Each structure stands twice: as structure tokens, then as C-alpha cells.
Amino acid sequence: MDLYPESRRKGVVFWEHDVDNVSIFDTTLRDGEQSPGTSFSHDDKIRIAETLDGMGVDVIEAGFPINSDEEFAAVEEIAATSDNTVCGLARVHEQDLDAALDADVNLVHTFVSSSDIQIQKSMDSSREEVLEMTYDAVSHVKDHGVDCMFSPMDATRTEFDYLVEIVRTAKEAGADIVNIPDTVGVIRPTAMHRLISALRDEVDVPYDVHTHDDFGLAAANALAGIEAGAVQCQVSVNGIGERAGNAALEEVVMSLESIYNVDTGVDTTEIYDLSKTVERLSGIPLPGNKPIVGDNAFSHESGIHAAGVIQDSSTFEPGIMTPEDVGHQRRLVMGKHTGTHSVRETLEEAGYEPDDDDVREITKRVKSMGGKGKKVSDADVFAIAESVMSAVPEAEKTVDLKEVNVSTGNERTPMASVRAEVEEEERVEADVGVGPVDAAMSAVSSLMGDDREVEITDFHIDAISGGSDAVANVYVGVERDGVEANASASSEDITVASVEATVDAVNHLVRKEARDEKPADSTTRQP
């Protein structure tokens, strides 16, 4: 059934729409700073404003000038140095309005409550008084020759006929644009579309939408308002703001650019860096799954997904938005769901040249590590690769490790047993030591028998990644009758890594001894 007209772009079907021009109003420095516990310094505000201005954001709401001398100074400096429109917030009080005007902003954003609950419980006022305040405030700004935006605060909980009345009053006073704020984040996208459409039918004035994310609907509500004919939407970087925050700049802008195919005028390649700057300055950490800018936004672990993305990123990414579009990077993440394609791609990008057997073994170890809850880093993968790729080939092993068991405690002597095939004969050795690693390595050195026992000549451990579950890379050197060999192995279990490194060093030692015993004129392919 043909529900709506369709358009195709980059192989993807889109429903057609009437959105063709949207202004981006950023309120990171005002509503964003109202996030609990967040306070930007003067320099922080200037830095964020400069970035927003350079990116081409249409309007920067720089702050609330009446709030403090410091706030006034920051707003004034941003207004004096920005190329794009700078806005100052003001209540419908003359001193607030004058502070914003004195800061020399291009746009004064004045607001007053419009819902009965706020008029009665927060303002202790009446609808009639609010209408009067609205007219007087907007007229005051316009008398000074400055553009004015008016907001009926809590518009989405305001009785519709009264909302129309207050919007009409603002227009009659000269408001250049009216913002419809979903102050407590309770409207649905379909309802937002109906509300903006109905208001446009009643009062012909440019509309802006300001949405909150209390139910996770801020971006969807902003876009619904735009589809209904709003010409501007308010956003904040990373969605920071009161309570659960605002519609996120990165989500709204990239939706408009990528899904709606609308040119917002914003340089989207700066989005990721700006996000990280605001994350650091605001002290509000981003979750890994944050759309557009989170660490996982363009990351893949699942073998099927990773294999598809390696072939063509559009298979398991939007396609119409790439990490490069927002200044981000694509990552292949290693873990329990990792497939061979990801491992091969990661290693080859780092300069390794693994064969198919290497890739399978490395993948097996990565999946095992991830299955134990370990977050596997690239450094972990490279350590595993070096261990696997330097190991003696399976067919040439003299010692094939099968099992390691250790027993230790603060009141018992550490003991270890090792089971392995030595020259195709299964053997088990047990020994004690000053610790579980020492006991296990002593057991390994005894596997060859009394007449062929090896000596451990070198041993050291490096932690590849931080944390108590860090992968350890263990280096072991062995010697017998003047012949030396060494090897390394990696595991999140130090004892296992130590045993594997020792076994591999023994195998290398046996191979070297075999080569040394060959007649001088014989030829041997070097490993």
C-alpha cells in the first residue's frame, strides 16, 4: 500500500516532507548551564560561543544578563564578538529587559508563565495580569529597536484558547517570533505537530519550539514542531539543560541534514569536538550510546555487523550520516561478539600480517576474554596477536599445553600442576613455589624430564591495560646446555600467561636445538 509519496537517497527510502529552511537556536550557555551542578566560567562561555559562531549556528542564547555582573559581562562580550545573532534572556520585568538591552544583544528573549498552575502557584497572578505583562514587555523591547522573541512558559500545559490569546497579544505588541516551550517535557510528537499547526491557523507569526527530554522525546518533539511549520528550534550541545535536558543540537541538526536533507548552515564536522568540549566543561559525562557523539555511535562488535561494515559501512550504519560528517571515527570493538573480519581488519590496519590460522586463534582468545566481562582494548588485541603469531606452529610443537591448575593462599604453600603432551606423550607435573606463578613455571620446566629440564633465565610482566582485569603480557627466557630461547604470551590471568609463555619458549628452544644438531651442509627454512 502506498501510504505516502517516497523519495530515495543513497539507496534509502524517505517519506517526503515540506521542511526546507530551519534556523538553529542554541541555548547551551543559558538553559544548558541550568543543568544541576553545571557552571561555566567566563572563559568557558566565550570558548563555547566562539565555536558555535564559527560553526554557523544561527542564534546563540548567551545567558541571562540580569543574573549577575559576571553573566552580564559574558553576554556583552559574546554579543560584541559574534558574527551571528546573540540572544539574551529576560523575564517580563523592566530591569531584566534593560539588562539584556544594555548587553547590546541582537535579540531579547522574554518569557512569562502561561499555564494556570504556574500563573497561580508560581507567580500568584492572574491570566489578565499575564496578558498585560506580555504586551508591556514586548513593547518595551521593540521601543528600543531590538528584535524580540516571546515565550509563553509551559505552553504545552496551557489551555489552548488562552494560549492563542497570549500569542496574539505578543504579536500585537510587535514580537518578531514566538517560542512554544514544552517546559516540563510532557507533549507527544503528534500533539506537538497538532499544536503548532493549530496556532499557525489562529495567529500568523513565526514560531520557534523549545522541547525538554523528560520522557526522551525532546528531539522528536522539536522535529514534529518543525514539520508543522515552526521556522526555528532551540537546542543545546549534548542535550544538557534543566532536569533531563533539552533537544540535543547534534541530534536535531543531523536529523535535519541527513534525514530531511535540509541545509542548516551548520558545519557538522565540528560537532564531535564541540560535544567533547562541552562534556568536559559542563562536567556531565556522555553515555557510550549517546546518538551521534557517543563512543558507540559508530562502533561495531558483532561479527555480522562488523563484517558488513568492513564491506560497506551503509550495511549497518545509516549511510546518510557517516562518522566523518560529524568529526567522529568508526571503531571495530573487540569482545565476546567479535568475528574474524574485525580482528583481521584491526590487525592489518596496525601493520600485522596474520594468516587465517592466526586470525582464528586470536579471535578465539578475544571472544574468551570478552566473555569473562573484560573490556578488550586494541592494545590487548595486539598483545594477543604478538603472542599467537610468534608461537611455534601447532605441527612443530614439542610441548602442547592442555591444562593448568594452581592452589594458593595466605596459609598454604602455593602449588601448581600442569598437564601437557610432550612429544605426543601425555605428562603431568606438579611443583611448589613462592607463589602460584613460580610453582606453575617450575612444573613446566620439569615436563621435559630430569635429563632435559630447562632453566628459567628471564621473566617479566607488563600490564597492557589498566584495571584489576588488565591483560598481562609475560616475557620468559629459558636456557639449556648453552642454548637460549624466549617467548611472550598474553592473558588476563597472569599465571596462565606465564605458563603459556614458558611452554612456547621451551618449544622454541627445542627447535633451535634441533637445528643446531643438523649437519652443517643441510639447509633449513628459517622461521
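Buried means under 20% relative accessible area, exposed over 50%, and partly exposed in between, with a 1.4 Å probe and protein chains only. The model is predicted: local features need pLDDT of at least 70, side-chain atom pairs count only at pLDDT 80 or more, and totals for chains, interfaces and linings use all residues. Residues are numbered from 1 along each chain as its sequence is written, and side-chain values use heavy atoms, with hydrogens and water left out.

**Salt bridges**

A salt bridge is a side-chain nitrogen of Lys or Arg within 4 Å of a carboxyl oxygen of Asp or Glu. The count by this rule is 25.

R30 is buried at 11% relative accessibility, and D31 is buried at 3%. Together with E61, R30 and D31 are linked in a network of salt bridges.

K276 and E279 lie three residues apart in helix α10 (residues 271-282); helices are DSSP runs of H or I with at least four residues, strands runs of E with at least two, numbered from the N terminus. K276 is partly exposed at 29%, whereas E279 is buried at 17%. R360 and D357 are both in helix α13 (residues 356-371), three residues apart.

**Helix α8**

Eight of the ten residues of helix α8 (residues 218-227) are buried, so this helix is largely enclosed by the rest of the structure. Among the buried residues are N221, L223 and I226. After α8 comes G229, with a positive phi near 120 degrees.
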